[in-house]
Amino acid sequence: MSDIPTCTPTYHPSWEEVLSPVLDEHWPQIQSLLDAGPFLPAAENLFRAFWQPRDQVRVLILGQDPYPTPGHPMGLAFSTQPGVKPPKSLVNIYRELHDDLGVEPHSDGDLSAWNDQGVMLLNRVLSVAPGQAGSHRGHGWEAVTEAVIRSLDSEQLVAILWGRDAQKCASFIPHAHKLAAPHPSPLSAHRGFFGSRPFSQANEYLRAAGAREVDWRL
C-alpha cells in the first residue's frame with residue numbers, strides 16, 4: 001500500500017490482499033482523524049485483530065468500537081488490557097458463558113486466549129476518542145471492516161452477531177453460520193442475550209463441520 005507517515009498498520013501478511021486495497025482508498029481519511037487528537041487503543045494495537053493468520057479464523061465475534069476508557073482497549077472487540085476489571089458488557093458475556101458452559105468468570109477482561117484459537121474479535125470501528133463512545137464512526141473504518149468481513153465468508157465460519165450493528169453485517173457473510181442475539185450491554189442483555197447459548201452453539205457447529213472446537217476458558 002502507499003506510504004503512510006504515522007500509525008502504520010501492522011498485520012499478518014495473509015491479510016495483505018484484503019486490507020491493502022481498502023486501506024489505500026480510506027487510510028488518508030482515517031489518518032486525518034487519528035492525527036486530529038488522542039485516540040484509543042494505542043497505535044500499535046489498532047490492528048491487533050489482524051495479527052493472526054486469516055485462514056485460522058473460524059469464529060467471528062463482531063463489536064461496535066473500542067472501549068473509550070484510557071487503559072482499557074487493546075485492539076480486540078470486547079477485550080481489555082490484562083489486569084483490567086471486566087466492563088459491564090463483558091461481565092454479562094462472562095455470565096452467559098458460565099450459564100452456557102459452566103466456565104467461571106475470568107478475573108480480568110483479557111480475551112486474547114480466544115483470539116489465539118482463531119476467534120476473531122473484530123470491532124466495526126477500530127478507534128475511538130477517549131471518553132467519547134462512537135466518536136470515530138463514519139470516517140472510513142466501516143469500509144475497511146466490511147471488506148474484512150466479506151473476505152471471511154465461508155460455510156466453515158461461525159459468526160456471532162450481538163446487537164443490531166453486528167446483525168446489519170449478516171448480508172456480508174451469506175454462507176456463514178450466524179448466531180444472532182441482542183447486545184450484551186446492560187441495556188439490552190435481558191432482551192434475549194441471556195440464554196442465547198452462543199458458545200455451545202458455536203462449538204456444536206464446528207464439531208458438525210469437522211473443525212476443532214473452541215476452548216472458551218480463559
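Start by selecting R197, which sits in the loop between β4 (177-181) and α6 (198-208). The model on screen is predicted. With the backbone of R197 shown, check its phi: the value is about 55°, which is positive although the residue is not a glycine. R197 is partly exposed, with a relative accessible area of 37%.

Next, go to F78, in the loop between β1 and α2 (88-101). Is F78 buried or exposed? F78 counts as buried because its relative accessibility is 9%, and the cut-off for buried is under 20%.

Move on to S79, which lies in the loop between β1 and α2. S79 is buried, with a relative accessible area of 1%. Display the side chain of S79 and the backbone of G109. A polar atom of the S79 side chain is 3.4 Å from the backbone oxygen of G109. Then show what else surrounds S79. Setting aside neighbours within four places in sequence, its contacts include Y67, H72, P73 and M74. G109, D110, L111 and S112 are also in contact with S79.

Now select P41, in the loop between α1 (16-35) and β1 (59-63). Show the backbone of L40 together with that of P41. The peptide bond that joins L40 and P41 is cis. Its omega is about -5°.

For the last stop, select two helices, α1 and α4 (residues 141-151). Two packed helices are described by the distance between their axes and the angle between them. Here the axes come within 8 Å and cross at roughly 170°. How is α1 oriented relative to α4? The two are roughly antiparallel, because the crossing angle of roughly 170° is over 145 degrees.

Show the side chains where these helices meet. On α1, pick V18, L19, V22, L23, H26, W27 and I30, which make the contact from that helix. Colour the selection by residue type.

Definitions and conventions:
Residues are numbered from 1 along each chain as its sequence is written. This is a predicted model: local features need pLDDT of at least 70, side-chain atom pairs count only at pLDDT 80 or more; totals for chains, interfaces and linings use all residues. Side-chain values use heavy atoms; hydrogens and water are left out. Helices (H or I, at least four residues) and strands (E, at least two) are DSSP runs, numbered from the N terminus. Buried means under 20% relative accessible area, exposed over 50%, partly exposed in between (1.4 Å probe, protein chains only). Axes are lines fitted to C-alpha atoms, for helices over the stretch in contact, and angles run from 0 to 180 degrees between N-to-C directions. Angles under 35 degrees count as roughly parallel, over 145 as roughly antiparallel, 65 to 115 as roughly perpendicular and the rest as oblique. Contact means heavy atoms within 4.5 Å. A polar contact is a pair of N or O atoms within 3.5 Å; within protein, one must be able to donate a hydrogen and the other to accept it, and residues adjacent in sequence count only if both atoms are side-chain atoms.
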